[in-house]
Amino acid sequence: MNSSALEKACRVFPGGVNSPVRAFKSVGGNPLFIKKAFGSKVYDVEGREYIDYVGTWGPAVLGHADPDVVAAVCEAARDGLSFGAPTENETALAGLIQQAFPNMEKMRFVSSGTEAAMSAIRLARGFTGRPLIIKCDGAYHGHADSLLVSAGSGVATLGIPGCPGIPDAIAGCTLIIPFNDAAALEACFKAHPGQIAGFIVEPVCGNMGVVLPENDYLKKVAKICGENGALLIFDEVMTGFRACFGGVSRVSGVTPDLTCLGKIAGGGMPLAVYGGRADVMAYIAPDGPVYQAGTLSGNPVAVACGIATLKKITHDETFYRRLEEKSARFEKELGQLASQAGVAAVSNRFGSMMTMFFRSERVKDYSDAKKSDTARFAKWFRLMLNAGIYLAPSQFEAAFVSITHSDSDLDKTLEAAKSSFKKLV
Ligand SMILES: *Cc1c(COP(=O)(O)O)cnc(C)c1O
């Protein structure tokens with residue numbers, strides 16, 4: 001499958017890929033080389049069609065190549081690809097984002113989620129004058145040095161324990177606690193008084209597979225951070241605009257000090273955002289001393305793509321209701337099919353992102369997720385791929401349903417799942 005494309009790519013790229021999660025290391029076989037994608041389908045270089053649940057790892061909530069979004073991108077491109085100077089459209093996109101995230105009083109556009117999270121923690125350190133950051137075991141906030149410690153999916157999939165190239169002095173400034181464990185957060189603050197700048201958290205985890213906060217976890221962590229003068233940073237790069245026109249902050253009613261966005265916010269173009277409290281953002285240059293910059297930040301084509309994407313979502317009042325219906329049906333029926341086939345599986349879902357874990361007990365943190373039967377997942381993944389269903393090649397990733405996934409797409413997927421489950425037992 002695609003072996004000549006992979007062979008050629010391997011001559012120039014490590015593993016033949018430009019981001020490690022794209023390789024099929026943990027599931028076996030070769031990655032699909034994609035030629036094009038429309039709506040709910042991707043097409044590989046051999047002309048095979050797949051129903052896609054990777055959704056370019058999150059952004060494709062409208063499906064691929066939405067005609068209105070593509071038209072907006074083409075129009076913007078004709079007026080120039082990059083200016084390195086402010087545009088009115090950046091302010092327009094910020095306005096749309098503020099409708100969804102009113103707590104982002106001020107924001108800064110960057111080009112990737114990695115940059116957003118990296119900049120947010122630099123800001124937290126600059127604002128508080130403290131060195132330490134807390135993150136959750138198995139959470140992914142991009143690949144910046146400080147954040148690539150116990151960093152979930154990509155790293156977990158490849159079984160890399162720590163990452164060479166990150167000096168101990170830097171890794172040592174990141175403290176790791178389990179998700180959903182407010183007492184562990186409190187203990188961290190007790191152990192390092194006056195040293196902790198902030199807690200960065202995926203308020204619904206997506207990068208250890210989908211894991212939901214339980215027992216008012218988010219309210220508790222907001223309170224603990226506040227009491228300790230540390231900033232709470234919600235990394236909503238994946239969750240933003242995924243379940244509603246907003247993020248987990250909207251659904252939970254918990255307001256973080258800073259928020260990171262990416263993926264859907266850029267509609268499939270390289271655009272990400274960090275922002276929050278105006279008094280904190282005042283520390284960012286040129287207003288303040290914390291430096292952060294980017295030649296392509298607020299790129300006009302990416303901004304046009306973000307605006308068109310968010311406008312299309314807001315102009316359709318039924319959008320999130322329909323997306324929720326599709327996703328809920330998919331999760332429920334998939335679970336039923338697994339159980340009918342006698343395959344142990346549990347799923348977690350937040351709106352249109354979900355993970356089915358191959359284990360019988362609930363998953364509430366990364367140590368639970370890691371107890372899944374990854375060999376069984378790998379086998380299931382390959383059976384599904386052969387049946388024309390493109391899932392993320394890892395147990396520790398989310399499957400994304402888009403608005404273009406039709407009933408017939410879901411039926412076909414469920415049928416493939418049914419026969420694949422049977423082959424597992
Ligand atoms: C994808 C992701 C990132 C990194 O974004 P990139 O654009 O890939 O750099 C950061 N945080 C979360 C929660 C993500 O899902």
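The points below go through a predicted model, element by element, for a reader who is new to it.

1. Overall division. The chain is divided into domain 1, which covers residues 1–36, and domain 2, which covers residues 67–314. Taken over C-alpha atoms, the centres of domain 1 and domain 2 are separated by 29 Å.

2. Strand S1 (residues 34–38) and strand S2 (residues 41–44) run antiparallel and are joined by four bridges.

3. Helix H2 and its ends. Helix H2 has twelve residues (67–78), and the distance from its first C-alpha to its last is 17 Å, close to the 16 Å expected at 1.5 Å a residue. At the start of H2, the backbone nitrogen of Asp68 has a side-chain oxygen of Asp66 within 3.0 Å. Just after the helix comes Gly80, which has a positive phi of about 120 degrees.

4. Which residues of H2 are buried? They are Val69, Ala72, Val73 and Ala76. These residues lie on the same side of H2, because they cover an arc of only 100 degrees around the axis. The exposed residues Pro67, Glu75 and Arg78 are carried by the face of H2 that is turned away from its buried side. Helix H11 (300–314) is included in what covers the buried residues of H2.

5. His141 is found in the loop between strand S5 (132–136) and helix H5 (153–158). Is His141 buried or exposed? With a relative accessibility of 1%, His141 counts as buried, because the cut-off for a buried residue is under 20%. Its side chain makes a polar contact, at 2.8 Å, with the side chain of Asp235. When neighbours within four places in sequence are left aside, the residues in contact with His141 include Gly113, Thr114, Ala117, Lys135 and Leu147, and also Ile200, Val201, Glu202 and Asp235.

6. Helix H12. The 23 residues of helix H12 (residues 319–341) should span 33 Å at 1.5 Å a residue, and the end C-alpha atoms are 33 Å apart, which agrees. Its buried residues include Phe319, Tyr320, Leu323, Phe330, Leu334 and Leu337, and Lys326 and Glu331 are also among them. What do the buried residues of H12 pack against? They pack against H11, S11, S12, helix H14 (374–386) and helix H15 (407–424). H12 is followed by Gly342, which has a positive phi near 80 degrees.

7. Leu414 in H15. Leu414 has its place in helix H15, and at 6% relative accessibility Leu414 counts as buried. In sequence, Leu414 and Leu337 are 77 residues apart, whereas in space they are 7.9 Å apart, C-alpha to C-alpha. Leaving aside neighbours within four places in sequence, Leu414 is in contact with Arg329, Phe330, Glu333, Leu334 and Leu337.

8. Three strands form an open sheet, in the order S11-S12-S14, and the pairing is antiparallel. Strand S11 (346–350) and strand S14 (399–400) are the edge strands, each of them pairing on one side only. S11 is joined by five bridges to strand S12 (residues 353–357), and the two run antiparallel. Within this pair, Arg349 stands opposite Met354 in S12. S11 and S12 form a hairpin with two residues between them, and Gly351 in the turn has a positive phi of about 55 degrees. Although S11 is an edge strand, it is mostly covered, with four of its five residues buried. S11 and S12 are also among the elements against which the buried residues of H12 pack.

Terms used:
Residues numbered from 1 in each chain as written. Predicted model: local features only at pLDDT ≥ 70, side-chain atom pairs only at ≥ 80, totals over all residues. Heavy atoms only, no water. Domains from an automatic or database assignment. Expected span 1.5 Å × (residues − 1). Buried < 20%, exposed > 50% of the residue type's maximum accessible area, 1.4 Å probe, protein only. Arc of directions from axis to C-beta. Contact = heavy atoms within 4.5 Å. Polar contact = N/O pair within 3.5 Å; in protein donor to acceptor, adjacent residues only side chain to side chain. Pairing = 2+ DSSP bridges.
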